[in-house]
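Me: I would like to learn how to read a structure like this one. Please take me through its features.

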Amino acid sequence: MKNKIYWIFAILTITTISIAYGFTKFIAPKEKSAAMDCTEAAATTAASEFEPTIVNKNSAPAKAPKGMVWIPGGEFSMGSNVEDESLCSIKGVTKDAAPIHRVYVDGYFMDETEVTNEQFAKFVNATGYVTVAEQKPTQEEFPDAPAENLIAGSVIFSPTPAAVNLNDFLQWWSYVGGTDWKHPLGPESSIKGKEKYPAVQITYEDAAAYAKWAGKRLPTEAEWEFAARGGKTGNLYAWGNTLKPNGKFQANIYQGHFPIKDGDTGEDGFKGIAPTAQFKPNAYGLYDMAGNVWEWVNDWYSPSYYSELNKDGKTAKNPQGPDSYNDPNDPTEKKRVHRGGSFLCTDQYCTRYMVGTRGKGEIRSAANHLGFRCVKSI
């Protein structure tokens, strides 16, 4: 009965996350070589859409705050011209990352890594802050939910026992009571010994509260992408155009049969979430700008925003995102943008570790693959 209660409540909450989309595609086991060929076939077919990145010449105005690096800002082509969500042929679902458009951002400092458990704990200890996942949901938030279903908790990835059709992501996500940033995989889990891991089970308002306390803020989507590109023009990934340079993965993503239990082979060195800074930084010294955990940015989500910015063909200066949220698939849900993908991103389902692509999430929803990093204006 307990599991049933959680499942009923999961239906009410998990659909608000929208971290990945459902598709009608069955995962059939395939040879490792075939999977690699499919992945390596990825290529942007219209590289000319990306005009050269023009990096500002100004040097950092001061010494970077501890744990941050200087991002000089400048003008660049933002977005993606890859139409596949999976590089194995699901077409058109990255349309919210098009068209490619010109953007200018001023310089700023940015956290080298996602905010870690250690850093978030200092914030909580200093302020007594209680995250959204630790708060009991109210009847006002979920008027149709029975009172006994209103249990503090959050969503965790729950692998399936066998291959499943990918058109229903509720099959591999579960709402579990007692889940929060200190217990990211359920009430019996712990972050002890994981001080350098990214803080997860973080909602937008949790991230914004931390940023304010730290004297920082969440990045705009444009700032995040400029930083991720590292001053380069039009690359598929934060490190270049090849997923595995010299045969080595450059980010913590999912290899194997998704979302099957023990399906992640850990070829990149990790099965599940990893500590921060386990792979080479990009050209600006930023770690984990792809994979590991999704990152909140400040912009409201709208699939048409890039088209709106591009209407007059002019360079958008320090864009802050649309004035309000708009997701035609969930018109009542208030969503902001996620960036970077996570350890669950795979060529079979979600390839949003590609630098120009986007995610989205309801502002009071969290999961065990969702965190954040901050920036600081000069």
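Me: By class, how many nonpolar, polar and charged residues does the lining of the second largest cavity have?

Reply: Before that, two points about the source. This is a predicted model, in which local features need pLDDT of at least 70 and side-chain atom pairs count only at pLDDT 80 or more, while totals for chains, interfaces and linings use all residues. Residues are numbered from 1 along each chain as its sequence is written, and side-chain values use heavy atoms, with hydrogens and water left out.
Rolling a probe the size of a water molecule over the atoms shows where empty space is left. A cavity is a set of points, on a 1 Å grid over the protein atoms alone, where a 1.4 Å probe fits but cannot get out; a pocket is an open set with protein on both sides within 12 Å along at least five of seven lines; lining residues have an atom within 4 Å of a point. The lining of the second largest cavity has five nonpolar, seven polar and one charged residues. Ala, Val, Leu, Ile, Met, Phe, Trp, Tyr, Cys and Pro count as nonpolar, Asp, Glu, Lys and Arg as charged, and the others, Gly among them, as polar.

Me: How much space lies in the second largest cavity, and which residues are closest to its centre?

Reply: About 60 Å³ lies in it, where a volume is the space filled by probe spheres set on the points, joined across faces, edges and corners. Of its 13 lining residues, Phe50, Ser80, Val82, Asn235 and Leu236 are closest to the centre. The structure holds three cavities of 30 Å³ or more.

Me: How much space lies in the largest pocket, and what lines it?

Reply: The largest pocket has about 600 Å³ of space. Its lining has 26 residues, with Leu185, Lys271, Gly272, Ile273 and Phe343 nearest the centre. They divide into 15 nonpolar, six polar and five charged.

Me: Where is leucine 185, and with what is it in contact?

Reply: Leucine 185 is in the loop between strand S7 (173–177) and helix H4 (204–213); helices (H or I, at least four residues) and strands (E, at least two) are DSSP runs, numbered from the N terminus. Neighbours within four places in sequence aside, leucine 185 is in contact (heavy atoms within 4.5 Å) with Ile156, Thr179 and Asn368. Its C-alpha atom is 9.1 Å from that of glutamine 201, 16 residues apart along the chain.

Me: In what order do the three strands of the open sheet come?

Reply: Two strands pair if DSSP finds at least two bridges between them. The order is S2-S5-S13, with antiparallel pairing. Strands S2 (68–71) and S13 (375–377) are the edges, each pairing on one side only. S5 (residues 108–111) joins S13 over three bridges, and phenylalanine 109 stands opposite lysine 376 in S13.

Me: Which helix packs on the sheet, and is it mostly covered or uncovered?

Reply: Helix H5 (residues 221–229) packs there, touching S2, S5 and S13, and its direction makes about 75 degrees with that of S5. Axes are lines fitted to C-alpha atoms, for helices over the stretch in contact, and angles run from 0 to 180 degrees between N-to-C directions. H5 is mostly covered, with nine of its nine residues buried. Buried means under 20% relative accessible area, exposed over 50%, partly exposed in between (1.4 Å probe, protein chains only). Trp224 and Phe226 are among the buried residues. Glycine 230 follows H5 and has a positive phi, near 60 degrees.
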